[in-house]
Each structure stands twice: as structure tokens, then as C-alpha cells.
Amino acid sequence: MITGAIKNKVDKIWLDIFSAGLANPLTVIEQLTYLMFIRSLDVKEQEIESMEAFGETGKKIFPQTPTGQSMRWSKFKHLEARLIFDIISQRVFPAIKAMKGGQLPDFDKNGNLIELPNEDGDTKETAFARYMKDAVFLMPTPQVLQKVITGLDELYEHDLTGLDMQGDFYEYMLSKLSTAGRNGQFRTPKQIRDMMVALLRPKPDDIICDPACGTAGFLISASEYIRAKYESKMTPEQWKHFAGPAFTGYDTDPTMLRLSAMNLMLHSIDKPDVSYKDSVSKDNTVGSKFTMCLANPPFKGSIDAESISDNLKRVTNTKKTELLFLALFLRLLKKGGQCACIVPDGVLFGGSKAHVAIRKEIVENHQLRAVISMPSGVFKPYAGVSTAVLVFTKTAAGGTDKVWFYDMQADGFSLDDKRAPVDQNDIPDIVARFSNLEGEAGRARTEKSFFVDKAEIVANSYDLSINKYKQVEYAAVEYPSTTEIMADLNELETQISAGLAELEEML
């Protein structure tokens, strides 16, 4: 989360661009993300070079020529403003738009781009190339560009080490848009994404989808989990699957898709299926394709009833996106596929026919495994809505016997607008308990987690709110007698009178 002094530095970078004539906030965001990506390519190249010192080889990103090396952030960042502007506008930007297989093309002696061949006869266009085709370099002057590069470099080197910067940076920029709150385009905090991924435990052969992908945060978290658990054991076929087919994301915002493609490429996912798609519309006909869905779908707003996919309306006849996405997850998953998704609390207890219908569908026809209630401050400072994580498996044959509930109180950060790190953190406990549900059977409903039988949920109109089932222990409080309270008040009155008398003498 970008706060305090870091926020001030980011604001200054924003103001430098805005004051130079780029009045559209979305344009400012796009230009900054291009520069972030250009810098990240050089960071990744340095990592490859450091691996070579240990005898490991990796595919270089930049051409091993003077022209190719001049495109690296570390090589041009200290140059004179006009030279930086020329290098980025005439070399780096055209090169990243023509990137293939994670490599930048070189230029001939006349300054013409040398197009890279398709690898192994693969002619499929990468998501990154597809969404960069329309990108335009719009930095207004060399001086402004130099200021921005200096500001970004200082942020990365001194303030943002180790942070999930691309998403945090973009999220903060997005908060400046007047429409951001209405569109619900807020990135899920990394610790929540990582928790949801850890609950599902993806494997190298999984096919993972986020149909409201935003900055591709869930796909990145899933890829990091797979690498951490299986990197040394993965076969060449699994690595090929990991580089693209394993990850799919849909969104309706071209800027989001462009950032997603950049973010995934930097995590060695060169050919993901990241595409422009209104996931709950009739245009999306994908079904029974994925083994895993991870998502934080839009909470706000509704869509035109005529455009909603008919098979989603058959499950829950509504225009509310938070309900339609639950029906969508069930359609997207293969039998046996898992889903972990964030929903607003209203989904858990809403009394409309559509609310009850989607909860009944999941409980009766599939296997609802867990409901994790999260504190309302998780999405601050951008939103204060109370949310929960639903974990379920598509079976199309029932399977819900009992549902595990957990009352999360802390996620490792303060629940105010500052979201500063704190010691209290339920996430490790959630993951540990969910991984050993057999040990949860005897827990009382006064504890943080407990089971609720399906029959009880059905009897309560499929209400999934934890407050419906959690028992609160009230400890008896001993108060002083009335006589003791009156004696204390009289003593206090005497002290006040004495104090006033002493003050009067002094005057």
C-alpha cells in the first residue's frame, strides 16, 4: 500500500506529467506503466546476468549489441534529457511493441527495426503484443520525461524494495480517477490473494482463470505459489503450460489488460490468454474449461438485462454482477474444479429470490467448503465494504455435508485508512486450519472457526452469514453497589470543592 512519504513522491511524479499538458488521468497512468515496464525489463535482465555468475544460463531480453544495450534503463537513465527522450521514443518503445518470446528486437545501422522470428513456428500473437499495438508514447517533453524517470528510479531504489509495486502503484493512480469507486476497479491486497491461492493449492497442470482480472494479481499469486512449490520438479511440458495456457484473464478495460499482459510477462508467463471480454454477457460462451477460478469480481452496479448470458440467468435471475459471477464460476469450471472468490456480505444473507437461488445452487448442487468472513477494513482506504471469501468445488452432484466458517479479525495490517503493518494476523491460522479440516470437527461456535451442518443452513434459507451461527460468550461484569458509587461521587465532589476554594484564594 502506498502511503505517507511514498505517496507524496508519487503525487509529485503525477503532478509533473499532469502540469505538462496530459490532462487525462488515464493517459497519465498508461504512460507511467510503460515506464515501469521498461525499467522492470532491465531489472529482469540483471537477474539473468547474475544467474550466469553461478553457471546458469537464461534467455536475454535485450540484444547483445551497442544499440540493444542502450535501450536498458540503467544505461540511459543518467543521460541528458534529449538523449533519453530519443532513445525511449525511437528505440525502446517501438521495440517493446514488437517483443516476441520475451525478447526485444534489435535495429539495423539505418535505425530500422529488425523483426524477430516466431519461436518454433509459433505464429500465435502474445497478449502483450496484442494490447501494445495501440499504445502511444505521449510524454510531452524531454525535461518532463527525465523528471519522471528520476522520480521512479528513486522510488524503486529507496522506498519500494520488496513491495508488489506494479499493482500498488497502478491501484493508487487509479484512485485518482473520479469513476474508480463506481467501477470497483480496486486491486485485492496481496496477502488476501496469497491466502486464497494457498487455500486452493494450485498445481503445475492446473488451468486457472480470473474472469475479472484487473491487474492479473490472482494469476500472479497463483504463478508464484506454483513456482515456490514445484519449480524444481516441473517437466518441460509443464513449463510450456506455465508460460501461457495455465493462465486466463478477462476484463473490459483495455488499460487493465495491457497492464495484466506486462505483469504476467515479467513473471515468465509470455503467452497467457488475457482478452477483452464482458464475462457475464452473451458474448462469453466459455464453459467447463478451467480447473480453478480465483477472483474478486465487481461488487457494484448492474448490467443491461438483454446482454446477460441466458444460462447465468437460469441460475440466478438478476442484473447484480456479484451474483452473476458466482453462476459464471460454476459454468467456467470443469467438474471437480475449485473456486475461491470474494463476495460482499450481502451475497451471504440477501433475501431476494436471486440471492437465495445462487446460494441454494452452490449448497445443493455442488460442494460449498468454506465461508471466511473478513473485516471491513481489508479494502481501505478505497472501500469499507464488508466481504467474505467463498471456497467451493463444482460437482454438479451435490456434496455439501457441512460448511467450515472462520471469523477473520486481522490480516496483518491495520484496518484504518493507513493500513500499516501490525502483528495481528489470522491468515496463517486460516490456511493451517483449512489444510486440516479433520481437526476442526470438535470446535465450539464460540471459537474463530467451526463447522455448520448443511441441514441448519438449509433451514435458515441458505443464509451463509457467520453471525447467524456464531455464538458469543458474555462474561458477567461485577459493578460496585449504589452505596459505593454514591460514596465515590461525594468524595469527588469534596475534592472539586477544595480545589475551587484553593484557586479562589490564589486569585
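## Basis of the model

Because the model is predicted, local features need pLDDT of at least 70 and side-chain atom pairs count only at pLDDT 80 or more, while totals for chains, interfaces and linings use all residues. Residues are numbered from 1 along each chain as its sequence is written, and side-chain values use heavy atoms, with hydrogens and water left out.

Nine strands form an open sheet with mixed pairing, in the order 5-4-3-6-7-9-8-10-13. Strands (E, at least two residues) and helices (H or I, at least four) are DSSP runs numbered from the N terminus; two strands pair if DSSP finds at least two bridges between them. From one strand to the next, the twist averages 15°.

Strand 3 pairs with strand 6 (residues 290–295) in the parallel sense, over two bridges. Within this pairing, C209 has C293 of strand 6 as its bridge partner. Helix 13 (residues 254–265) packs on the sheet and touches strand 4 (247–251) and strand 5, where contact means heavy atoms within 4.5 Å. The direction of helix 13 makes about 170° with that of strand 5; axes are lines fitted to C-alpha atoms, for helices over the stretch in contact, and angles run from 0 to 180 degrees between N-to-C directions.

Strand 8 (residues 367–374) is largely enclosed by the rest of the structure, because six of its eight residues are buried. Buried means under 20% relative accessible area, exposed over 50%, and partly exposed in between (1.4 Å probe, protein chains only).

Strand 8 runs antiparallel to strand 9 (residues 387–393), and seven bridges join them. With strand 10 (residues 402–407), strand 8 pairs in the parallel sense over four bridges. I372 takes part on both sides: it stands opposite V389 in strand 9 and opposite Y406 in strand 10.

## Aromatic contacts

The structure holds eleven aromatic pairs. Rings of Phe, Tyr and Trp (its six-membered ring) pair if their centres lie within 6.5 Å; planes under 30 degrees apart count as stacked, over 60 as edge-to-face and the rest as tilted. One of the pairs is edge-to-face, formed by F242 and F247 at 5.5 Å centre to centre with 90° between the planes; both residues are buried.

The pair of F405 and F450 is stacked, because the ring centres are 6.0 Å apart and the planes lie at 15°. F405 belongs to strand 10 and F450 to strand 13, so the pair ties together parts that are 45 residues apart in sequence. Both F405 and F450 are buried.

Elsewhere, ring pairs link Y34, F85, F93 and F137 into a cluster. K402 lies over the face of F451, at 4.6 Å from the ring centre; a charge sits over a ring if NZ of Lys or CZ of Arg is within 6 Å of the ring centre and within 35 degrees of the ring normal.

Most residues other than glycine have a negative phi. A216, although not a glycine, has a positive phi of about 70°. A216 is found in the loop between strand 3 (208–210) and helix 11 (217–230), and counts as buried because its relative accessibility is 0%.

Y462 also has a positive phi, near 60°. Y462 is located in the loop between helix 19 (454–459) and helix 20 (482–506). Its relative accessibility is 8%, so Y462 counts as buried.
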